Amino acid sequence: MAKYQELADSILTGNNVRSKEITQDLVGKGIDPAEILNGGLIAGMEVVGRKFKANEMYIPEVLIAARAMHAAMDILKPLLSEAGASSKGTAVIGTVQGDLHDIGKNLVSMMLEGAGFNVVDLGVDISPEKFVEAVNSSKADILGLSALLTTTMPAMKEIIDEVRKDGSAKSVKIIVGGAPVTQEYADSIGADGYAADASTAVEVSEKLLTV
């Protein structure tokens, strides 16, 4: 449908006024909110993710695109809840204890939401206990840990150990990322996945949930 493409384009260009208008128009015509989500918002954010990964879009542009997506999601969320629409899964995400950086985490959060995940963003400086509590209360499928300081990277292992000890939380798939984090480090602390950037975080999450 042409309107879906128009909606996807409004996300790509970061036009939050237009994304809201188109979404409202489609809802008014009785279009299934899940179709609007998949055909317009997710389609648009997939292009954003590809362009970001290829260095054709940069962080400020991605944030503007995410703002346009959220403007549309504000209309769709209550309708999706009413309809009992299923998401790809629930992801709990946060920056580890002792670290206050959040730009990378925010990007991952936005990209996951744009890909159709239900996201619980805990914020920054989060203790292992709070991560375990959030995984349990939300019945999370994915746990994303972010660290931007080498001094806070060891907190990732503490969190993973704490989560794995908890009978209810141990089945969650854990992904780590952040500037100093590497695939080798992720492997050494027992993470299920590593993401170097936000769009890779989506790919890794989807892959882990289909295994």
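## How H5 and H9 meet

Helix H5 covers residues 103-114 and helix H9 residues 198-210. They pack at an angle of about 50°, with their axes 8 Å apart. Axes are lines fitted to C-alpha atoms over the stretch in contact, and angles run from 0 to 180 degrees between N-to-C directions. Helices are DSSP runs of H or I with at least four residues, numbered from the N terminus.

From H5, the contact (heavy atoms within 4.5 Å) uses Leu107, Val108, Met111 and Leu112. From H9 come Ala198, Ser199, Ala201, Val202 and Ser205.

## About the model

This is a predicted model, in which local features need pLDDT of at least 70, side-chain atom pairs count only at pLDDT 80 or more, and totals for chains, interfaces and linings use all residues. Residues are numbered from 1 along each chain as its sequence is written, and side-chain values use heavy atoms, with hydrogens and water left out.

Among the buried residues are Lys105, Met110 and Glu113. Just after H5, Gly116 takes a positive phi of about 105°.

## Ser109

Ser109 sits in helix H5. Ser109 is buried, with a relative accessible area of 9%. Leaving aside neighbours within four places in sequence, Ser109 is in contact with Ile93, Val119 and Asp121.

Terms used. Helices (H or I, at least four residues) and strands (E, at least two) are DSSP runs, numbered from the N terminus. Buried means under 20% relative accessible area, exposed over 50%, partly exposed in between (1.4 Å probe, protein chains only).
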